[in-house]
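Look at the sequence and the structure shown here. The paragraphs that follow begin with the ligand and then turn to the protein chain.

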Amino acid sequence: MFRNILVRYDEIALKKRNRGWFEDILLNNIRSSIGALGTAKKFRGRMEIELSDESALDEVIGRLKFIPGISGFSPAVRLPLDAEWDEIVAHAVELAKTAADEGLRVLKVICSRPNKAYPGNSIDIQKRLAGAVLSTLDGVFTVSMKDYNFGLEIEIDSNGIYLFSKRYCGIRGLPVGCSGEYLSLLSGGIDSPVASYLTMCRGAKVNYLSFYSPPYTGEETMRKLEDLARQLKKFQGVSTKLFIAPFVDIQLLIRARCFEGYRTILFRRMMFRIAERIAVERGYSALITGEALSQVASQTIENLTCINDAVKTMPVIRPLITSDKNDTIAIAERIGTFPISIRNAPDSCTAFLPKSPIIKGKLERVLAEEKKLEPEIGDLLDSAIKKLKIIDI
Ligand code: ATP
Ligand code: MG
């Protein structure tokens, strides 16, 4: 029945001067997501997809649900602006029959008319269309303005007249690509995939960096990281990179030379240094982590201060900094990363966890501990970059 999908966006619609630029990015993301299943175009305030075949509807609906920037969409029948009233009624009746078959029999007709050049006003159109549907399908529907279960909508746009009854929610936010390209420190845990997703929804294209420490981490850990990156890519549409940096030599040096309580802080600083170097080389403009204030010892404000000091040239985005873990888990479940994150596979830091980590680290002490790693640490950092494994996802 549906050859078209009417796509809505809200936050982009609030943009003033560069609205067209945001719209074009979203349009391109939609195009690359649906591929040959349809064509997409924009017109004032909306986008429209024309399916190459009606049978592609479910697949395209599935894809649109994943695209940041879309606030909602509706499979719709599109009629030309000069369509005869009888033709509009005929299609409305078809939609109504389908609803009745699904047991939905309390009707409300809703008209919006962004195209003010179209004759008549919304209230009259609503009344006329409701009257026509009720008299054609005599006795099938009752009408209620408040307690309806079948909202039959008619939207008159610059591009045509759209009839629809279902509204699907999108994930909102901004289209991927409008905020630049970042590097997310992806552990196998629950938080960093969620942090990556949230940043993506603000328009960032996200790439991933993980650290591995064989023989302490093995194949299972690698598979988990790849699966996480692949799941997250669904929201991004465009391709992404997963960088895997060897970390065990750095960890062994830190374990051998430094005070145990500072170990995790020192690991994180080295991770940040490697991340920043990759980001600078590739032109990425920020790092992302899943850190949340005071969630664990390494995330007290004092320790975050010590860790953050290692990054010199770009912001570290921490979308979860004030989040409650239960809320984070709820997002992880919704975006499908949770079942992957809880798979049992060691993280590169698990094997080296200190017995009693420092809670309130001091930067001077951190710097003194780091001195103990010289001169070898420079070569080890270089070598981690040189041996970087890059997986295209
Ligand atoms: P997560 O659930 O993301 O693992 P967490 O609450 O367990 O977070 P930590 O293990 O302290 O917290 O890690 C804090 C952040 O540091 C992570 O969210 C991630 O961004 C980064 N990180 C930690 N370990 C790694 C790793 N092995 N590879 C890449 N990034 C890491
Ligand atoms: Mg973790």
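How far is a nitrogen atom of ligand 1 from an N or O atom in the side chain of Asp347? In this predicted model, the distance between a nitrogen atom of ligand 1 and an N or O atom of the Asp347 side chain is 3.3 Å. Taken by itself, ligand 1 exposes 570 Å², and the protein buries 90% of that area. The pocket in which ligand 1 sits is the largest pocket. The largest share, 3 residues, comes from β11.

There are 21 residues around ligand 1, and those that come nearest are Leu185, Ser187, Asp191, Ser192 and Gln295. By type, the shell consists of 7 nonpolar, 10 polar and 4 charged residues. Two further polar contacts can be located in the model. A polar side-chain atom of Asp191 is 2.7 Å from an oxygen atom of ligand 1. At Leu186 the backbone takes part, with an N or O atom that lies 3.4 Å from a nitrogen atom of the ligand.

The next topic is charge pairing within the protein. Side chains of opposite charge can pair when their charged atoms come close. A salt bridge is counted here when a side-chain nitrogen of Lys or Arg is within 4 Å of a carboxyl oxygen of Asp or Glu, and by this rule the count comes to 29 salt bridges. One of them joins the side chains of Lys97 and Glu94, with an N to O distance of 3.7 Å. Both residues belong to helix α3 (residues 85-101), where they are 3 residues apart, about one turn of the helix.

The last topic is the backbone. Most residues other than glycine have a negative phi, and most peptide bonds are trans. Which peptide bonds are cis here? The bond from Pro214 to Pro215 is cis, with omega near 10 degrees, and Pro215 is found in the loop between β11 and α6 (219-236). Another cis peptide bond joins Glu374 and Pro375, with omega at about 0 degrees. Pro375 lies in the loop between α12 (363-371) and α13 (376-386).

Arg172 calls for a look at phi. This residue, which is not a glycine, has a positive phi, near 60 degrees. Arg172 is placed in the loop between β9 (168-169) and β10 (181-185).

How values were computed:
Residues are numbered from 1 along each chain as its sequence is written. Chains are lettered from A and ligands numbered from 1 in the order in which they are written. This is a predicted model: local features need pLDDT of at least 70, side-chain atom pairs count only at pLDDT 80 or more; totals for chains, interfaces and linings use all residues. Side-chain values use heavy atoms; hydrogens and water are left out. A residue is near a molecule or strand if one of its heavy atoms lies within 4 Å of it. A polar contact is a pair of N or O atoms within 3.5 Å; within protein, one must be able to donate a hydrogen and the other to accept it, and residues adjacent in sequence count only if both atoms are side-chain atoms. Accessible areas come from the Shrake-Rupley method with a 1.4 Å probe; for residues, only the protein chains shown count as cover. On a 1 Å grid over the protein atoms alone, a cavity is a set of points where a 1.4 Å probe fits but cannot get out, and a pocket is an open set with protein on both sides within 12 Å along at least five of seven lines; lining residues have an atom within 4 Å of a point. A molecule sits in a cavity or pocket if more than half of its atoms lie within 2 Å of its grid points. Helices (H or I, at least four residues) and strands (E, at least two) are DSSP runs, numbered from the N terminus. Ala, Val, Leu, Ile, Met, Phe, Trp, Tyr, Cys and Pro count as nonpolar, Asp, Glu, Lys and Arg as charged, and the others, Gly among them, as polar.
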